[in-house]
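This briefing describes a predicted model. Please look through the sequence and the structure below before turning to the notes.

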Amino acid sequence: MDTIQTRITRLCGIKHPIVQGGMQWVGTAEMASAVSNAGGLGILTALTQATPDDLRREIERCRTMTDKPFGVNLTILPSINPPPYAAYRKAIIDMGIRIVETAGYKPQEHVDDFKTYGITVIHKCTAVRHALSAERMGVDAISIDGFECAGHPGEDDIPGLILIPLAAEKVKIPLLASGGFADGRGLVAALALGAEGINMGTRFCATLESPIHDNIKRSMVESDERSTDLIFRSYRNTARVARNTVSQEVIALEKAGRPFAEVAHLVKGQRGKEGLRLGDPEHGVRTAGMVQGLIHDIPSCRDLIERIVTEATLIIRQRLQSLLVPGPADGLEEYLFTRALAEST
């Protein structure tokens, strides 16, 4: 099987430029090890574990399932009762994790500590200005999240087709494209736009190894690109979630001008977790991207990754090359080709 090598594969020591993003309640040892064993980069989600010691045990468990590189996500969000981020960070460092995905609010303290221990840091963000800020902080790579993504797309509403090449123009460190990726076509598009690989969340939820109920996976296959809602817009904390009766109720309360305190009981994380476990798509809110429209089956992580890479290489070698028509080359064309080749290596 062919491989596609980029700065991301070299940075992370992985076979394929495909990363499984950190996902609350989903980024477990089963999920991360399956992606890593298939040649991608699996990611455990630190805050899925109830305590830092639970995270230590989950890291140990993941190491019994794979000898390939995997990372840990640490998402920092403003909260009335924030979790002990420093303690989770210490658990990650103490356990010898070599790759961390950070996301969220003011990660400087965490990035500085991780870099002190030689840890590779990939920071996820939703705007070019935030990517440039993270680059100045000293992170090693950026995961840029377009408006199509699940979870928090930011407040600028810039889709990936614009956001990815803008970021690639300005950011010097390796770039992962995130939001809306599910197949080989997306991988080729991301590479063409200047990214070094793709980060997938929603697509990995609909795999055999994903630790969520089969009913939820089937509901993703049955959904289309319109089957999401944007909630919390009025609170300036927009989140893209799967459309259901709960998300529609949240939107109705927001339109009525109700404060978050009257919405909170509908969107509690534990309620969403119960829905994933029970297999009830209507039980609570769960994050999901517009990419649901491109999900048509529930493969293993290995089959999914191999299919994506095979499709991508066929597109590059066959369809794209077949579109090229030989013509006379002058000095400028040769210069541009040489420059593009150098920048891609």
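Which residues does N199 touch, not counting residues up to four places away in sequence? N199 touches V19, Q20, G21, E101, K124, S143, L176, A177, S178 and G179. The points below take up the surroundings of this residue, then the sheet and the helices.

- N199 belongs to strand β8, which covers residues 198-200, and the residue is buried because its relative accessible area is 3%, where buried means under 20%.
- The side chain of N199 is joined to that of E101 by a polar contact of 3.2 Å, and E101 in β4 in turn stands opposite N73.

**The sheet**

- Eight strands form an open sheet with parallel pairing, in the order β1-β8-β7-β6-β5-β4-β3-β2; its edge strands, β1 (18-20) and β2 (42-45), each pair on one side only.
- On average, and with direction ignored, neighbouring strands of this sheet are turned by 30 degrees against each other.
- Strand β4 (residues 99-104) is largely enclosed by the rest of the structure, because five of its six residues are buried; strand β3 (residues 70-76) pairs with β4 in the parallel sense over five bridges.
- Strands β5 (residues 120-125) and β6 (residues 141-145) run parallel and are joined by four bridges, with H123 having I142 in β6 as its bridge partner.

**Helices on the sheet**

- Helix α2 packs on the sheet, where it touches β1, β2 and β3, and the direction of α2 makes about 165 degrees with that of β2.
- Helix α4 (residues 85-94) lies across β3 and β4 and runs at about 170 degrees to β3.

**Helix pairs**

- Helix α2 (residues 29-37) and helix α3 (residues 52-65) cross at roughly 35 degrees, their axes coming within 9 Å, and the crossing is right-handed.
- In this pair, A29, E30, A32, S33 and N37 of α2 meet E58, R61, C62 and M65 of α3, and the residues of the contact divide into four nonpolar, two polar and three charged.
- Helix α6 (residues 128-137) packs with helix α7 (residues 160-170) at an angle of about 35 degrees, the axes being 10 Å apart, and α6 passes α7 in a right-handed crossing.
- Here V128, L132 and E135 in α6 meet L163, L166, A167 and K170 in α7, a contact that by class has five nonpolar, no polar and two charged residues.

Technical notes
Residues are numbered from 1 along each chain as its sequence is written. This is a predicted model: local features need pLDDT of at least 70, side-chain atom pairs count only at pLDDT 80 or more; totals for chains, interfaces and linings use all residues. Side-chain values use heavy atoms; hydrogens and water are left out. Helices (H or I, at least four residues) and strands (E, at least two) are DSSP runs, numbered from the N terminus. Buried means under 20% relative accessible area, exposed over 50%, partly exposed in between (1.4 Å probe, protein chains only). A polar contact is a pair of N or O atoms within 3.5 Å; within protein, one must be able to donate a hydrogen and the other to accept it, and residues adjacent in sequence count only if both atoms are side-chain atoms. Contact means heavy atoms within 4.5 Å. Axes are lines fitted to C-alpha atoms, for helices over the stretch in contact, and angles run from 0 to 180 degrees between N-to-C directions. A crossing is left-handed if the near helix is turned anticlockwise from the far one by less than a right angle, and right-handed if clockwise. Ala, Val, Leu, Ile, Met, Phe, Trp, Tyr, Cys and Pro count as nonpolar, Asp, Glu, Lys and Arg as charged, and the others, Gly among them, as polar. Two strands pair if DSSP finds at least two bridges between them.
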